[in-house]
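Trainee: I would like to go through this structure with you step by step, beginning with the order of its elements and ending with single residues.

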Amino acid sequence: MSIDESTAAKVAKLARIKVEEDALPALAQEFNAVLGFIEQLNEVDVEGVEPMVSVTPMRLKRREDVVTDGDQQEKILSNAPDAREGFFAVPKVVE
Amino acid sequence: MTDLTKLTLAEARDKLRAGDVTSVELTETFLKAIDDADALNAFVHKTPEIALERAKAADARIAQGDAPDMCGLPIGIKDLFCTKGVASQAASGILEGFTPEYESTVSQKLEDSGAVMLGKLNMDEFAMGSSNETSVYGNAINPWRRGNDDAALTPGGSSGGSAAAVAADLCLAATGTDTGGSIRQPAAFTGITGIKPTYGRCSRWGVVAFASSLDQAGPMTKDVRDAAIMLEAMCGHDEKDSTSVDLPVPNFEAMLTGDIRGKKIGIPKEYRMDGMPAEIEKLWADGTEMLKAAGAEIVDISLPHTKYALPAYYVIAPAEASSNLARYDGVRYGHRATLAAGDGITEMYEKTRAEGFGHEVQRRVMVGTYVLSAGFYDAYYNRARRVRTLIKQDFENVFAQGIDAILTPATPSAAFGLGEMTDADPIQMYLNDVFTVTVNLAGLPGVSVPTGLDSQGLPLGLQLIGRPWEEGDLLNTAYALEQAAGFVAKPGKWW
């Protein structure tokens with residue numbers, strides 16, 4: 001499996017990372033090096049083997065379905081690059 | 001007058017108890033040592049005011065008696081841990097300016113035990129790297145050098161700043177985190193001890209996430225006793241991390257008897273890699289002899305899927321990273337790119353992430369995105385998770401045969417020069433974790449202990465791997481190895 005520039009561009013788009021046109025060939029090459037390494041996994045017989053879900057077999061804890069915190073709008077917004085009137089501000093999303 | 005910076009946690013604890021020194025004196029000594037060591041670039045956010053305030057409180061607590069072991073002991077915190085009101089960037093440009101409104105559970109536990117935070121430590125960006133060269137703060141430098149050669153060496157990664165700081169006596173100990181070897185490899189590169197506990201021992205809450213099914217915090221210390229003391233203060237069940245285990249935390253230090261008679265130590269043949277340097281081979285053989293001389297039974301074992309651990313890791317870790325790092329969108333915290341007229345929200349995401357993430361992080365996020373994308377999910381991600389099951393079964397099988405611990409080299413080489421791997425393809429760098437990454441995939445505890453020097457005078461470490469939840473027994477075996485190896489070398493001070 002080899003990745004070409006258009007696939008690299010597609011992956012960058014999916015990952016929401018802007019990659020300039022002229023950087024695509026090098027990126028595709030790097031993907032191919034990593035994926036070539038990963039290809040070794042095809043040698044392993046995994047027939048009938050369950051994919052691991054949790055490394056430690058344990059039942060996840062449950063807790064009472066109650067509100068445990070809240071009312072901290074100011075704290076939540078304190079690190080926002082752009083917060084206005086108690087909201088996160090972003091560029092226009094809907095025309 | 002003893003040099004206070006050279007103390008271990010245990011020695012400093014005992015001196016504080018005896019009234020030979022105060023936490024304020026200790027703290028001031030370390031703050032000065034840190035200011036004198038900017039050349040190492042280990043501490044990237046210094047917190048002297050917080051340190052002195054906590055030191056005063058610790059002295060008061062000690063005077064009242066009944067203070068916990070860590071009370072008054074100055075330590076460093078890896079930048080991956082969120083610390084309230086103190087910059088916590090995971091060494092990434094995308095978290096520039098981020099000051100959390102909350103404290104990670106592990107650093108909170110340390111604070112509650114009275115430990116004194118001196119500052120935040122350098123690391124690879126989002127803990128992705130093995131040389132500390134992906135940090136937005138620039139490289140951390142290893143205090144060790146090759147003989148008289150003044151070439152700068154890597155302290156390893158990702159917990160490179162933690163390792164450099166402990167090795168250079170800038171703090172008594174430090175927190176690290178380990179996703180594929182990020183505590184054990186830098187510990188080995190700097191001649192210190194580092195333990196990654198069983199997955200679930202330490203809460204991950206408030207620790208910036210890289211690969212959630214692999215990440216674990218642990219202590220990086222000057223010796224095994226200190227690792228036992230600090231680990232006990234770090235672990236325990238936390239309601240805020242549903243994967244943290246609800247098991248009692250033993251007194252690990254009390255388990256250090258040094259008696260390992262009758263213990264079965266496995267030597268896995270698959271770790272004898274082609275082209276393994278003779279020095280590493282000898283270190284391993286010497287360590288085996290030491291454990292045997294201490295009364296352990298040495299057993300040759302096989303972990304047949306070892307070879308596939310790194311490729312499985314480089315599917316699973318990037319997949320989880322691509323998902324975890326999706327949160328960095330320029331909306332809620334950290335960096336947002338300056339937008340051009342007409343740019344919409346998609347451009348904001350794409351420009352922000354391109355500017356904020358470094359090269360290695362971008363590559364891993366994109367590899368993760370690819371292996372999780374429609375059409376490849378089964379071929380890559382599900383296959384890797386199946387292989388992970390097999391790797392864990394390998395360990396379960398040898399433990400079922402009665403093996404108590406497994407001895408391997410910690411790293412395939414001593415510390416290498418900064419910049420030496422720049423032109424290598426990424427796989428060369430990934431090979432640093434070849435002996436450590438299996439342990440994360442299987443969720444087991446693993447400890448790196450310094451046991452020798454190479455021909456250039458650089459430290460080398462061995463790794464012991466234990467049964468799940470048996471960190472106490474594992475640390476005791478590490479203690480026996482440490483006693484036998486008698487590693488006392490320290491880097492000469494040049495900074």
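Trainee: Which pattern does chain A follow when it is read along the sequence?

Mentor: Please keep in mind that this is a predicted model. Chain A has three helices and two strands. Read along the sequence, these elements of chain A give the pattern α-α-α-β-β.

Trainee: Is chain A spread out or a compact globule?

Mentor: The C-alpha trace of chain A spans about 55 × 45 × 25 Å along its principal axes, and buried residues make up 15% of its 95 residues. For 95 residues the globule rule gives 12 Å, whereas the radius of gyration of chain A is 23 Å, well over that value, so compared with a compact globule chain A is more spread out.

Trainee: Which element gives the largest share of the side of chain B that touches chain A?

Mentor: The contact involves 56 residues of chain B and 38 residues of chain A. On the side of chain B, the elements that give two or more residues are α9 (309-324), α10 (345-356), α11 (359-371), α12 (377-400) and α13 (426-430). By class, that side of chain B has 27 nonpolar, 13 polar and 16 charged residues. The largest share, eleven residues, comes from α12(B).

Trainee: Which element gives the most to the largest nonpolar core?

Mentor: The largest nonpolar core has 169 residues, and those with the most contacts inside it are B:I75, B:L464 and B:L475. To take one of them, B:I75 touches residues including B:L110, B:V116, B:L118 and B:L172, when residues up to four places away in sequence are not counted. The element that gives the most to this core, with ten residues, is α9(B).

Trainee: Which are the edge strands of the open sheet in chain B?

Mentor: Eleven strands of chain B form this open sheet, with mixed pairing, in the order β1-β3-β2-β4-β6-β5-β10-β11-β9-β7-β8. Neighbouring strands are turned against each other by 30° on average, direction ignored. Two strands pair on one side only, and these edge strands are β1 (43-46) and β8 (297-301) of chain B.

Trainee: In which sense do strands β4 and β6 of chain B pair, and over how many bridges?

Mentor: Strands of a sheet pair through backbone hydrogen bonds, either parallel or antiparallel. In this pair, B:D178 stands opposite B:Q216 in β6(B). Strand β4 (residues 173-178) and strand β6 (residues 216-221) of chain B pair in the antiparallel sense, over six bridges.

Trainee: Which residue in β10(B) stands opposite B:I195?

Mentor: B:T193 and B:I195 point one way from strand β5 (residues 193-196) of chain B, B:G194 and B:K196 point the other way, and all are buried. With β6(B), β5(B) pairs in the antiparallel sense over two bridges, and there B:T193 stands opposite B:T221. With strand β10 (residues 446-453) of chain B, β5(B) also pairs in the antiparallel sense, over three bridges. In β10(B), the residue opposite B:I195 is B:V447.

Trainee: Is B:T193 buried or exposed?

Mentor: Leaving aside neighbours within four places in sequence, B:T193 is in contact with residues including B:A187, B:D223, B:A227 and B:P450. B:T193 and B:A167 are 26 residues apart in sequence, and 9.7 Å apart in space from C-alpha to C-alpha. A residue counts as buried if 20 or more other C-beta atoms lie within 10 Å of its own. B:T193 has 30 other C-beta atoms within 10 Å, and B:T193 is therefore buried.

Trainee: Against which elements do the buried residues of α5(B) pack?

Mentor: Eight of the eight residues of helix α5 (residues 160-167) of chain B are buried, so this helix is largely enclosed by the rest of the structure. After α5(B) comes B:D169, with a positive phi near 60°. The buried residues of α5(B) pack against β1, β2 (74-78), β3 (116-121), β4, α6 (184-190) and β6 of chain B.

Trainee: Which residue just after α7(B) takes a positive phi?

Mentor: In helix α7 (residues 224-234) of chain B, eleven of the eleven residues are buried, so the helix is largely enclosed by the rest of the structure. Among them are the charged-type positions B:R225, B:D226 and B:E232. Just after α7(B), a positive phi of about 135° is taken by B:G236.

Notes
Residues are numbered from 1 along each chain as its sequence is written. Chains are lettered from A and ligands numbered from 1 in the order in which they are written. This is a predicted model: local features need pLDDT of at least 70, side-chain atom pairs count only at pLDDT 80 or more; totals for chains, interfaces and linings use all residues. Two residues are in contact if their C-beta atoms, placed from the backbone, lie within 7 Å. Helices (H or I, at least four residues) and strands (E, at least two) are DSSP runs, numbered from the N terminus. The radius of gyration is taken over C-alpha atoms; the globule rule is 2.2 Å times the number of residues to the power 0.38. A residue is buried if 20 or more other C-beta atoms lie within 10 Å of its own, exposed if 12 or fewer, and partly exposed in between; C-beta atoms are placed from the backbone. A nonpolar core is a set of buried Ala, Val, Leu, Ile, Met, Phe, Trp, Tyr and Cys residues joined through C-beta atoms within 7 Å. Two strands pair if DSSP finds at least two bridges between them. Axes are lines fitted to C-alpha atoms, for helices over the stretch in contact, and angles run from 0 to 180 degrees between N-to-C directions.
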